[in-house]
Amino acid sequence: MAVPESLSAAQARRVALAAQGFTDPRPGGSLDLRHLRRVLRRLHLIQMDSVNVLQRAHYLPLYSRLGPYPTALLDRAAYQRPRELFEYWGHEASLLTTDLQPLFRWRMQNAAEYAWGGMVRVAQQQPALVARVLGEVRDRGPLTAAQIEHDVPRSKDNWGWNWSAVKQALEWLFYTGQISAAERTTSFARRYDLTERVLPAEVLATPTPAPQDAFRALVALAARSLGVAAEPELRDYFRLPVAGFKQAVAELVEDRVLLPVTVAGWKGPVHLHHEARLPRRVGAATLVSPFDPLIWERARTERLFAMNYRIEIYVPAAQRLYGYYVLPFLLGDRFAARVDLKADRKAGVLRIPAAWLEPTADQEETAAALAAELHRLAGWLGLESVAAPQRGDLAGPLTSALKLASAGVP
């Protein structure tokens, strides 16, 4: 369906969901790399995060669009030859398709302008250490930080963001593109190796584009992934510098890659990708990760879905409104509920600390659809059962719906 120049909020929402792959048909039968690539061609990158209360963040966007799939497919694409993904700072820490690596060399080559303090200080103040760490990786890689740190004195406790000097040196080398993540350990630590031993030869041989050409290409990719977007959202997708971004937008508008549109209730310039489409309906019924590109820009989420969504991991427990690790539930083209979830792997149970109904959603329809989705999610996670929700205004109806779903009652 052609997209008009003036969109209602509902139309913009459907454009965005289509661009993100939520209107693509769910694959039947066994899933393979072709299905993975279909999603990656839409998203271009997947955000990573170390929190594992439910499932590692990078696995969830594929689940939301494909349904239960073998996570080994993503591991293979990211960490086995021929690699189709590589780790880098694309949005936050991300898995990006390998064809994007040349488009980020401007960031690697100007790392001192974009990287944060600790790693820049180590590069500037301890160049001998950085050279030594690079030599260790060259001679002994792939290696984790811990494997190198054993003989290097630490100046502070190595926890979280209080990185040791060795870890900071590794991250500087990673940010500058000299080393890459060859794999992840079971504890989710990066194992580093020389980039030339990680990325495909054809990627390494690709000429480095001028920075402005790279900005233009990245803005075009972001626009296609978002469908319709205000300028802050376009810039945020790949975290681009202001000046290069502004010029790229102007050039893409001039070339009609980006089409100016208006969306009811949106302020400032809004752009539609010229390939965007407006579906008549969206038939989704799936949970969405807090780190999914559909919702990672919270102001956009509020405008598209009239949903004030925040992740409350870092909020003190007594001050949380909805829970620790809350996933919105997409039903049709709206978020109908949000649920706090925890995978109790030892007990084999998907636990629901809280379940909440969104104001405009139908309680009975939402509870039934969410119950089916929670059983599906539990199966994908290898959990044997779904516990009753502990609190929230949807807890009662969802408890009843879960019992019916487990009994096979439609």
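Buried here means under 20% relative accessible area, exposed means over 50%, and partly exposed lies in between (1.4 Å probe, protein chains only). The legends below describe a predicted model, in which local features need pLDDT of at least 70 and side-chain atom pairs count only at pLDDT 80 or more, while totals for chains, interfaces and linings use all residues. Residues are numbered from 1 along each chain as its sequence is written, and side-chain values use heavy atoms, with hydrogens and water left out.

View 1. At 10% relative accessibility, Arg-190 counts as buried. This residue is found in strand S6 (residues 190-194); helices (H or I, at least four residues) and strands (E, at least two) are DSSP runs, numbered from the N terminus. Look for two glutamates here: the Arg-190 side chain makes a polar contact with the side chain of Glu-87 at 2.8 Å and another with the side chain of Glu-171 at 2.9 Å. (A polar contact is a pair of N or O atoms within 3.5 Å; within protein, one must be able to donate a hydrogen and the other to accept it, and residues adjacent in sequence count only if both atoms are side-chain atoms.) Beyond its neighbours within four places in sequence, Arg-190 is in contact with residues including Ala-93, Leu-143, Phe-174 and Arg-184, where contact means heavy atoms within 4.5 Å.

**View 2. A stacked pair, Tyr-63 and Trp-380.** The structure holds 16 aromatic pairs. Rings of Phe, Tyr and Trp (its six-membered ring) pair if their centres lie within 6.5 Å; planes under 30 degrees apart count as stacked, over 60 as edge-to-face and the rest as tilted. Tyr-63 and Trp-380 are stacked because their ring centres are 4.6 Å apart and their planes at 25°. Tyr-63 belongs to helix H3 (residues 60-66) and Trp-380 to helix H16 (residues 363-380), so the pair ties together parts that are 317 residues apart in sequence. Tyr-63 is buried, at 1% relative accessible area, and Trp-380 is buried too, at 13%.

**View 3. An edge-to-face pair, Trp-106 and Tyr-114.** These two rings sit 5.3 Å apart, centre to centre, with 85° between the planes, and the pair is edge-to-face. Trp-106 is buried at 4% relative accessibility, whereas Tyr-114 is partly exposed at 29%.

**View 4. Arginines over rings.** The charged end of Arg-56 sits over the ring of Phe-188, 4.2 Å from its centre. Likewise, the charged end of Arg-338 sits over the ring of Tyr-322, at 4.1 Å from the ring centre. (A charge sits over a ring if NZ of Lys or CZ of Arg is within 6 Å of the ring centre and within 35 degrees of the ring normal.)

**View 5. The open sheet S10-S11-S12-S13-S14.** This sheet has 5 strands and mixed pairing; two strands pair if DSSP finds at least two bridges between them. Strand S10 (284-287) and strand S14 (385-386) stand at the edges, each with a single partner strand, so one side of each has no neighbour in the sheet. Strands S11 (residues 326-332) and S12 (residues 334-344) run antiparallel and are joined by 6 bridges. Val-326 has Asp-340 in S12 as its bridge partner.

**View 6. The open sheet S1-S8-S9-S7.** Here 4 strands form a sheet with mixed pairing. Strand S1 (6-7) and strand S7 (228-230) are the edge strands, each pairing on one side only. S7 pairs with strand S9 (residues 270-273) in the antiparallel sense over 3 bridges, and Val-228 stands opposite Leu-272 in S9.
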